[in-house]
Amino acid sequence: MFTDHSHNRRHLLKLGGGIGMLGLAQLLSAEETGPAPSALTYGPHFAPKAKRVIHLFMNGGPFQGDLFDPKPALEKYAGERPEGADLVTERPTGGLLPSPFKFQPRGESGVPVSELLPQLGQCIDDICVLRSMHADNPNHGPALLQMNNGTIVPTRPSMGAWFLYGLGTENPDLPGYVVLCPGRPVRFSILWNSAFLPSSFQGTYINHSKIDPATMIPHLTNSTWDAQTQRRQLDLLQQLNSVHLETRTETSSLDARSQAIETAYRMQFRGSEAFDVNRETKATREAYGTGHFANGCLLARRLVERGVRFVQVYYGNGQPWDTHSKHNETVPNLCKDIDRPIAALLTDLKQRGLLEDTLVVWGGEFGRTPTSENGNGRDHNHHGFTMWLAGGGVKGGMTYGETDEFGFKATVNKVHVHDLHATILHLLGLDHEQLTFRHAGRDYRLTDVYGQVVHEIIA
Amino acid sequence: MSIRLRLAVCGLILLSNMPLLADPPAFSKEDLAYFERKIRPLLSARCYSCHSKDAKILHGELRVDSSAGLIQGGESGPLLVPGKPEESLLISAIQYQDGLDMPPKGKLPDAEIAELVAWVKRGAPMPPVNEQLAQPAKQIDFEAARQFWSFQPVQEHSQPEVQLADWPTQRIDYFILSAMEREGLSPAVPADRDILIRRLTFDLTGLPPTPEEVQAFVANDSPDAYQELVERLLAAPQYGEKWGRMWLDLVRYTDFTASWLEQPGEPYFYRDWVIKAFNDDIPYDEFVHRQLATDLMAETGPEDLPALGLISLSPTYWKELKLPSEIIKVIVADEWEERIAAVSETFLGLTVACARCHDHKFDPISSEDYYALAGVFASTRSIGRPMIPEKEYAPARAAIAEVAKLEQEVKKLNAAIAKRQKEAKEAAKKAEEAEQESPDAGTTAATAEAADEAMTDLKQQVATLTSRITELKATPHFDAPLASAVSEESVAVERAGKSPQDGTRLAYHDGPQDLPLFSRGDPNRPGEVVPRRFLTVLSPEPKPFTQGSGRLELARAMTSDAAPLAARVIVNRIWHGHFGRGLVNTPSDFGAQGDLPTHPELLDDLAARFMANGWSIKWLHREILLSATWQQSSQPSAEALSIDPANLWLSHMNRRRLDFEPWRDAMLSASGVLDLTLGGRSSNLDQPGNHRRTLYGSIHRHEMSTTLLMHDFPDPNQHSPKRSQTITALQGLFLLNGPLLAEQAKNLVARLEREFPGQTEEQVDRAYWLLLSRQPTEQERALALGFVGETSGEDRLSRWQQYAQVLLATNEFLYLD
């Protein structure tokens with residue numbers, strides 16, 4: 001176990017020092033030959049089924065009853081609040097509002113998928129739909145925190161930081177944890193912070209609304225100094241930093257900063273390639289379609305292909321799925337943006353043999369109410385919502401869990417966010433109860449003292 | 001009745017419906033007494049933390065704090081089969097029989113298990129369901145709540161006894177040392193003098209000391225040298241810039257907001273007001289009063305109106321007036337909530353905004369309290385106001401309104417003219433075509449003439465209006481700059497027409513308004529009106545505000561009734577600013593969810609003396625900076641690292657990372673280009689050649705500068721109690737390739753070349769002094785010479801620029817020992 005003051009300093013020093021002493025030639029050749037020293041920090045506890053994760057984040061919270069969890073009873077009770085039904089949320093909502101969108105059984109499995117997601121429906125045999133998700137808080141900020149950091153307390157590490165702590169990164173030329181958003185999700189950097197875990201495990205946020213890597217990633221290239229000059233500069237910098245370090249204790253952030261600049265150095269060469277969707281074939285570009293989210297999905301594939309451990313793709317700026325009004329008018333457009341890109345992503349990963357060990361997670365911070373808000377909207381609903389998993393050792397073509405007849409509360413085989421986290425960690429070869437970090441006198445976990453692995457969905 | 005309304009009413013009725021439950025059979029008095037005496041306490045002690053209304057997270061959907069819950073059971077099914085313990089889930093669970101082992105942390109003592117078995121055997125007597133459901137909602141017990149530590153009066157404490165009696169130099173030190181000794185720690189050695197002056201100069205001015213200042217201080221062995229240095233730096237105008245910025249984080253200061261939102265006045269007047277307030281060491285209580293209500297104070301005049309920027313620059317949200325007023329009301333209520341959040345967190349360290357929808361879940365703040373404050377903000381309007389007396393300005397204000405109206409008219413007329421011109425052109429074209437076809441076209445000519453006449457008339461009207469506008473613009477003070485201020489006006493969100501579809505109108509009325517309590521925070525479900533007043537828990541007897549909106553009464557209540565809390569909060573913020581960690585580590589949450597103080601008596605003592613010393617912030621700086629605690633070395637002992645890795649007990653100074661502002665300012669200062677002009681309009685930091693202090697860089701609430709964003713600058717949309725400290729590869733790219741380091745490396749090299757032409761060794765030494773306030777070591781000198789090498793001309797210049805860039809990127813330049 002690592003503790004605050006002694007954690008992996010030795011290891012980081014080794015890594016930092018090693019790279020500092022490598023000459024340019026070795027570095028550039030390492031660049032070509034692929035995997036450089038792994039920053040394995042904790043090690044998997046058992047053989048992982050998934051080596052990397054892509055999280056497609058529908059920020060704002062999509063309504064399950066439109067997409068993956070059909071509820072015919074809503075028709076029957078349209079406009080009513082049937083006696084005895086528990087439908088209360090934070091804001092006042094009215095009667096039940098049926099989804100106008102039709103479902104069809106899709107794939108060989110026949111799992112029903114909404115007409116709003118025709119292409120994604122084709123991939124349903126690779127998807128495990130979790131219909132019984134539930135969380136603890138109905139507000140965006142806390143719910144985003146819980147989904148990302150396991151708790152509504154804003155001072156805990158994000159799950160991506162836990163993944164890196166558990167498994168390190170496979171490609172030292174790129175950040176191990178990348179957050180893509182064409183704008184800023186609510187709560188922003190706290191959602192991918194490392195809190196008390198070493199700072200180098202935090203997510204690297206990139207606004208990908210412009211797709212040229214040199215614009216997307218600020219300061220990606222240097223027009224004055226060539227690579228060799230920069231390498232000389234960095235070697236000197238690391239020497240000066242290690243002189244500084246020698247006389248100091250508690251050096252986590254100093255180490256992390258030295259490491260971040262090394263990653264940055266290598267990103268210059270690998271990043272412009274890794275982040276450049278224009279290097280894809282025309283056919284691939286067309287398969288993903290256009291738009292920020294399509295580009296995000298394609299970028300995610302390029303990044304995981306290059307060993308980035310965790311990529312989150314936020315759908316958009318703010319909370320676009322937060323449809324408190326004009327819900328039925330908004331949702332088809334949102335779905336249009338995601339349908340083709342996600343289908344393309346799953347197909348693409350599969351064709352490249354990556355889907356089997358890449359876990360794709362889809363969902364929001366919560367779902368929405370089956371009742372209407374102000375007639376044409378839907379309120380937040382953390383009592384029951386849908387997420388889905390694909391690839392990475394998860395069974396496809398199945399649904400797991402149920403909500404009540406209106407799709408409001410999870411009832412059967414409930415999966416709490418803690419359970420989801422426990423399951424993702426499990427797929428990554430990590431035991432959520434063993435992956436601990438001692439801080440302020442306590443062993444912390446991503447799942448706090450909760451979480452049960454949902455074994456039924458694991459292939 | 002509209003469908004929506006009907007649905008809402010329908011919802012209301014059904015809300016109160018609970019699933020019907022079988023009532024337990026009537027039990028005897030003895031049975032019930034037995035339950036209350038033996039069983040309820042047991043359930044309460046062993047089960048409530050997970051299975052009751054007050055459980056943080058209700059587990060298994062089970063509640064055992066009501067008869068309804070006990071009968072209904074939870075996720076795993078019914079809990080009890082009265083009379084049959086062997087068939088009751090409760091019993092098998094506590095006996096750890098079939099997998100559902102409860103409580104999960106360990107089996108209950110046998111006696112307790114036996115008690116519960118006996119209870120079920122007896123038929124599981126419990127009170128009737130209805131009685132329990134009828135229990136009134138939990139009321140806040142304000143009397144008890146006032147006992148919470150942060151609401152208690154502050155008092156000076158007796159100086160604690162310490163063993164290492166010659167270590168303390170200030171009162172603070174006794175408290176710190178006694179805690180250290182209690183924890184088995186001992187203080188670090190004092191910091192070296194070169195480190196000390198660097199730390200102090202950055203802490204008070206956000207700038208590095210000059211090499212000359214460092215050398216003079218190191219050489220000065222007068223016992224007063226340090227104290228004199230503290231005084232000199234506190235008197236420097238850069239002090240207000242450094243600490244003013246700390247304040248601007250709290251009040252979500254911005255220079256610009258989204259283009260579609262109103263932004264009254266010039267925000268920078270507020271920023272400059274804050275800087276001056278710190279420099280002038282305005283007593284903190286007065287600092288609070290003036291920011292909330294200087295317009296209502298007899299002591300201050302219109303020149304002080306920029307103080308109101310705190311409220312005036314609050315984030316606003318887009319109100320689409322085509323939408324029904326029901327929706328706009330929610331948006332306006334959201335804005336009030338934002339004001340309450342910012343004001344209560346900034347001044348009181350309380351999250352009052354949580355009480356908008358229901359009583360605060362953790363702190364003694366009722367929904368009534370929330371609406372009592374919301375009324376104050378609902379009676380206050382953000383407007384631009386001139387910094388001259390209203391009487392002098394009145395003609396200009398009228399002229400501005402008139403000009404706005406006339407300009408609208410001119411716009412309309414110009415549109416009409418353009419339209420006619422277009423028509424005339426088309427007509428002429430048609431006429432031409434017609435003439436070609438049939439030469440007899442007298443009528444069209446007549447029409448054209450009439451049109452010309454109308455056109456002349458229009459143009460005449462425009463000319464008249466334009467000259468009137470010019471005249472009006474000559475009114476004295478017409479262009480007077482406006483401060484972002486407020487006025488005493490109440491907003492009303494009204495229907496623009498008869499039906500909701502007609503949209504919304506915002507109307508402003510003179511004078512204050514009280515708000516009704518909005519059920520579940522929804523302004524469309526108003527309840528009883530709550531008079532404007534201060535928070536119950538902080539007032540001995542909350543009295544309604546009577547002077548206008550009540551802003552001044554609110555401000556005064558915060559520093560009188562709530563003085564202990566307000567003083568604790570600001571003392572802790574200043575402490576946080578000097579140590580990188582507050583005595584309370586949640587600087588804006590002094591409620592039940594916040595951290596407890598590490599040194600409660602010290603915080604108490606400092607807060608009490610802070611008030612006794614006229615709420616002087618500079619007094620507080622002195623108390624802290626002259627302490628042995630603050631002057632310790634940042635090097636922890638092995639013992640400190642193992643006993644207290646987070647350094648809660650301050651047995652050494654914390655090493656701190658410079659925020660972006662001092663880091664950039666230090667680069668500009670070292671390279672000799674820093675522009676020390678105080679105040680004024682903001683300017684884009686990414687503009688090459690912008691050498692102003694970083695705090696004058698433009699802050700845009702909607703489109704934050706990438707540079708600021710990347711370097712943990714706080715989000716200007718919300719109150720920010722402390723900065724996060726991220727380390728990312730993007731920051732690494734900024735070091736390698738960003739224009740800031742490249743430009744400052746060039747400037748630094750130019751300066752070195754100017755001061756020591758061609759003298760490599762002297763240049764290296766000077767660079768170390770300018771950047772790091774010290775001499776390089778032999779090793780560092782050798783590394784430098786090795787890097788620059790035997791080069792000359794252009795080669796030498798670029799080697800030097802590369803070298804300078806490396807120095808700017810070092811950890812030592814960013815971290816303060």
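Modeller: Two strands pair if DSSP finds at least two bridges between them. Keep in mind that this is a predicted model.

Biologist: What makes β1(B) and β2(B) a pair of strands?

Modeller: The number of bridges: 6 join strand β1 (residues 381-386) of chain B to strand β2 (residues 482-487) of chain B. At least two are needed, so β1(B) and β2(B) count as paired. The two strands run antiparallel, and Ser382(B) stands opposite Val486(B) in β2(B).

Biologist: Why is β1(B) called largely enclosed?

Modeller: A residue is buried if 20 or more other C-beta atoms lie within 10 Å of its own. In β1(B), 5 of the 6 residues are buried, so the rest of the structure largely encloses the strand. For chain B as a whole, buried residues make up 40% of the 817 residues.

Biologist: How do you know that α8(B) is roughly antiparallel to α22(B)?

Modeller: Two packed helices are described by the angle between their axes and the distance between the axes. For helix α8 (residues 171-182) and helix α22 (residues 600-612) of chain B, the axes come within 9 Å and cross at roughly 170°. Angles over 145 degrees count as roughly antiparallel, so α8(B) is roughly antiparallel to α22(B).

Biologist: Which residues make that contact?

Modeller: Arg171(B), Ile172(B), Phe175(B) and Ile176(B) come from α8(B), and Glu601(B), Leu602(B) and Asp605(B) from α22(B). They divide into 4 nonpolar, no polar and 3 charged.

Biologist: What does chain B bring to its contact with chain A?

Modeller: Chain B brings 52 residues and chain A 57 residues. Among the elements of chain B that each supply at least two residues to that side are α1 (3-15), α16 (325-348) and α31 (793-809). The most comes from α27(B), with 9 residues. By type, the side of chain B that touches chain A has 28 nonpolar, 15 polar and 9 charged residues.

Biologist: How is chain B laid out overall?

Modeller: Chain B has 32 helices and 8 strands, and its C-alpha trace spans about 110 × 90 × 55 Å along its principal axes. The domain assignment gives five entries, including domain 1 (29-135) and domain 4 (390-438 + 453-480). The C-alpha centres of domain 1 and domain 4 of chain B lie 81 Å apart.

Biologist: What share of the contacts in chain B join residues at least 24 apart?

Modeller: Among contacts between residues at least 6 apart in sequence, the share is 65%.

Definitions and conventions: Residues are numbered from 1 along each chain as its sequence is written. Chains are lettered from A and ligands numbered from 1 in the order in which they are written. This is a predicted model: local features need pLDDT of at least 70, side-chain atom pairs count only at pLDDT 80 or more; totals for chains, interfaces and linings use all residues. Domain bounds come from an automatic or database domain assignment. Two residues are in contact if their C-beta atoms, placed from the backbone, lie within 7 Å. Helices (H or I, at least four residues) and strands (E, at least two) are DSSP runs, numbered from the N terminus. Ala, Val, Leu, Ile, Met, Phe, Trp, Tyr, Cys and Pro count as nonpolar, Asp, Glu, Lys and Arg as charged, and the others, Gly among them, as polar. A residue is buried if 20 or more other C-beta atoms lie within 10 Å of its own, exposed if 12 or fewer, and partly exposed in between; C-beta atoms are placed from the backbone. Axes are lines fitted to C-alpha atoms, for helices over the stretch in contact, and angles run from 0 to 180 degrees between N-to-C directions. Angles under 35 degrees count as roughly parallel, over 145 as roughly antiparallel, 65 to 115 as roughly perpendicular and the rest as oblique.
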